[in-house]
Amino acid sequence: MTAADVGEVFTVQRAAFVVEAQRYADAFLPPLTESVDDILTDLQTSIGLVSVLDGRLVGSIRVKAKDDELHIGRLSVAPDLHGRGLGAELLLAAEKVLPGRRAVLFTGDRSESNLHLYTSRGYAETGRAEVPGGVVLIHLAKELV
């Protein structure tokens, strides 16, 4: 991901997380309140990857190395392209972009398609935490060989 991609990443991320906002009845999920400048700032300490299909940016993900773990977040795929494997491809790319022993991420407990994706790719639940507003975050991890 380059600075030139950030506007499109912002658009895809907002479209993807509107679906989540509806699921949780919360229009203020962090990915929806993040600005273009916030994304640029995050890219100073993380790596952003994008998925492009027929010249269109259709997905993105960010990964940050911390100690021996890869922290994966903001996986976003354009809603009209869900179910085509783009999320799985981005996740796999994120697991390989930096060295690490383990990949960690989280999602909401009502995000069944996200949970299905992560568990089908070898992620296992490591814990749960309730955040303000009653949303329960499920933390998952995968050992990387």
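Leaving aside neighbours within four places in sequence, Gln13 is in contact with Pro31, Glu34, Ile39, Arg62, Arg74 and Ser76, contact meaning heavy atoms within 4.5 Å. Gln13 lies in helix α1; helices (H or I, at least four residues) and strands (E, at least two) are DSSP runs numbered from the N terminus. Because its relative accessibility is 1%, Gln13 counts as buried; buried denotes under 20% relative accessible area, exposed over 50% and partly exposed in between, with a 1.4 Å probe and protein chains only. A polar atom of the Gln13 side chain lies 2.9 Å from the backbone oxygen of Pro31.

The structure is a predicted model, in which local features need pLDDT of at least 70 and side-chain atom pairs count only at pLDDT 80 or more, whereas totals for chains, interfaces and linings use all residues. Residues are numbered from 1 along each chain as its sequence is written, and side-chain values use heavy atoms, with hydrogens and water left out.

An open sheet of 6 strands has the order β1-β2-β3-β4-β6-β5, with mixed pairing; two strands pair if DSSP finds at least two bridges between them. β1 and β5 (124–131) each have a single partner strand and stand at the edges, so one side of each is left without a neighbour in the sheet. From one strand to the next, the twist averages 25°. β1 and β2 run antiparallel and are joined by 7 bridges.

Two helices lie across this sheet. Helix α1 (residues 6–24) lies across β1, β2, β3, β4 and β6, running at about 85° to β3, while α5 lies across β3, β4 and β6 and runs at about 165° to β4. These angles, from 0 to 180 degrees, are taken between N-to-C directions of lines fitted to C-alpha atoms, for helices over the stretch in contact.

Beyond its neighbours within four places in sequence, Leu105 is in contact with Ile72, Leu91, Tyr118, Tyr123, Ile138, His139 and Leu140.

In α4, the buried residues are Leu86, Gly87, Ala88, Leu90, Leu91, Ala94 and Glu95. Their cover includes β1 (47–53), β2, β3, β4, α5 and β6.

Methods:
Polar contact = N/O pair within 3.5 Å; in protein donor to acceptor, adjacent residues only side chain to side chain.
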